[in-house]
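Colleague: I would like to learn how to read side-chain contacts and cross-links from coordinates. Please take me through them one at a time.

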Amino acid sequence: MKHLSRLLMLTALVIFVSCQNEELTGSQSLDQETTIEVLTEDGEFDLDEGAEGSLSLNDDSEILVKRTKAINFSAKSSSSCTPDLEALELSLPESVSLRTTENPADDAYFKFDILDTDLASTDLKGWCIDVDGFLEVEGPYDFSVHSSYEDLSDVKDAKGNPVVENLDKFDEVNWILNQDFIGKVSPISGETYTYGMVQWAIWELLDDRNCVNCFYLTGDVKDGWKQNRQALEAVAMEIVDAALENGKDFVPGCGQKVALIFVAENLNPKSQITQSIIYTVDVPEVEEECSDCEGKVTELELEFDWHQAKTIKIYQKKENSYWGVKIFDGEVQPGGVISLKGVNLDGSFGDKIYIYIGSGHYCKYYTKIKTNCNLKIGPGYERGVFKVVSGRSSHGGELCEYTPPTYDCYKYRYWWKCYTNYHWSCYKRYHGW
């Protein structure tokens, strides 16, 4: 009976290996000085296949290593992005309900709230477009929404006038709004740039005439700008000159801001033109097409699917050696996401990453994940209590969703289940032994 049991178990093993897309062989223990037992945690976690593979740890392995320089992959997998201003324009709502909440503000001409649509938010920074418009702390009013990089030639205010006299100067205005002038010291005059100087520069570029009274450009002192006009305009003109020199044909890129324009659809209660508003949002990126894993995996995000926090350490092999390099060490909360980047010279993890759970004496090996692209890993791939959220490979770029391999293993299904759970007794019960 013992010989028959061994034979059946061996048969089940062969079937199990043939139906998997992951390697089960070649696992070896660490050397005696660094041997760490397979994690059991009193039954908390499923066992891995029994050993951690040919990975060795030494004192240097406990030094956390991070990728510190950019890696040149193929163009397909470049992490640099392409701005998508067309997609921004298409995503904008036709109109929003808006109310102003503060005028003046410390770091903008006023603050406002958007009350509806996907743009809804509070405490937003706003700038005025038209010197002829009126807007204090009031509203809500309805505003049409536009990108500053779309054709604005047909956009009119509530009296049918062009919303902007100088449409060709929005490139320069976008340049200004990406320079963080407020609070910087002028290299020319030595004066500190203020929000009022930025607002004055915007009017100077977009309108056919600038403000006369220039109310609230100096904070709470309503006519402070008028009292010191000559000195303040000289410094504000530095911003205008810099924009004319550097901002022509400016197009904001990834990580920068792009101006949206809100145009009031109706006159205010006093039958005056309601001020049009400039507001900035992050530049959207062209969505990268995903690809199956090609080359080797270079980046991974893993979700920790467990009911309590654990200390987790993750290693990879150092280049082509057997020595481990620690690439993550920290406590992870249930549902937490671990972000990893390969630290080999090619930016990869090598063939596998090795995961340990626990701290101090209780730190135990848990599992490994193949990162050599022989397994077409991607979002949705699960290994024990870890699930891939996203990742990149050296020659394929962003990883596509993981598709489990399909095999005609139905007739071996019961044996496979028995084998993987190490419950040989279920086979005997099934046959009435």
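Colleague: Over which ring does the charged end of Lys-222 sit?

Modeller: A charge sits over a ring if NZ of Lys or CZ of Arg is within 6 Å of the ring centre and within 35 degrees of the ring normal. Here the ring belongs to Phe-215, and the charged end of Lys-222 is 4.6 Å from its centre. Bear in mind that this is a predicted model, in which local features need pLDDT of at least 70 and side-chain atom pairs pLDDT 80 or more, while totals for chains, interfaces and linings use all residues. Residues are numbered from 1 along each chain as its sequence is written, and side-chain values use heavy atoms, with hydrogens and water left out.

Colleague: How many aromatic pairs are there?

Modeller: Rings of Phe, Tyr and Trp (its six-membered ring) pair if their centres lie within 6.5 Å; planes under 30 degrees apart are stacked, over 60 edge-to-face, and the rest tilted. The count by this rule is 14. Take Phe-304 and Phe-386: their ring centres are 5.5 Å apart and their planes stand at 35°, so this pair is tilted. Phe-304 belongs to strand E7 (residues 297-304) and Phe-386 to strand E14 (residues 386-393), so the pair ties together parts that are 82 residues apart in sequence. Helices (H or I, at least four residues) and strands (E, at least two) are DSSP runs, numbered from the N terminus.

Colleague: Are Phe-304 and Phe-386 buried or exposed?

Modeller: Buried means under 20% relative accessible area, exposed over 50%, and partly exposed in between, with a 1.4 Å probe and protein chains only. Both Phe-304 and Phe-386 are buried.

Colleague: Which residues do ring pairs link into a cluster?

Modeller: The cluster consists of Tyr-109, Phe-110, Phe-112, Trp-203, Phe-262 and Tyr-279.

Colleague: Which residues make up the covered face of strand E10?

Modeller: In a regular strand the side chains alternate between the two faces of the sheet. In E10 (residues 337-341), Ile-338 and Leu-340 form the covered face, and Val-337, Ser-339 and Lys-341 the uncovered one. Two strands pair if DSSP finds at least two bridges between them. E7 and E10 run antiparallel and are joined by 5 bridges. Within E10, Ser-339 is the bridge partner of Glu-301.

Colleague: How many disulfides does a search of the whole structure find?

Modeller: A disulfide is a covalent bond between the sulfur atoms of two cysteines. The criterion is a pair of cysteine sulfur atoms within 2.5 Å, and the search finds 3. One joins Cys-211 to Cys-214, with S to S at 1.8 Å. The torsion about that S-S bond, between Cys-211 and Cys-214, is about 90°, so the disulfide is right-handed. Cys-211 is buried at 9% relative accessible area, and Cys-214 is buried at 4%.

Colleague: Which cysteine does a disulfide join to Cys-290?

Modeller: Cys-400, with S to S at 1.9 Å. Cys-290 lies in the loop between strand E6 (277-282) and E7, and Cys-400 in the loop between strand E15 (397-398) and helix H7 (413-420), so the pair ties together parts that are 110 residues apart in sequence. Cys-290 is partly exposed at 40% relative accessibility, whereas Cys-400 is buried at 16%.

Colleague: What is the handedness of the link of Cys-293 and Cys-373?

Modeller: With -60° about the S-S bond, the link of Cys-293 and Cys-373 is left-handed. The sulfur atoms of Cys-293 and Cys-373 are 1.9 Å apart.
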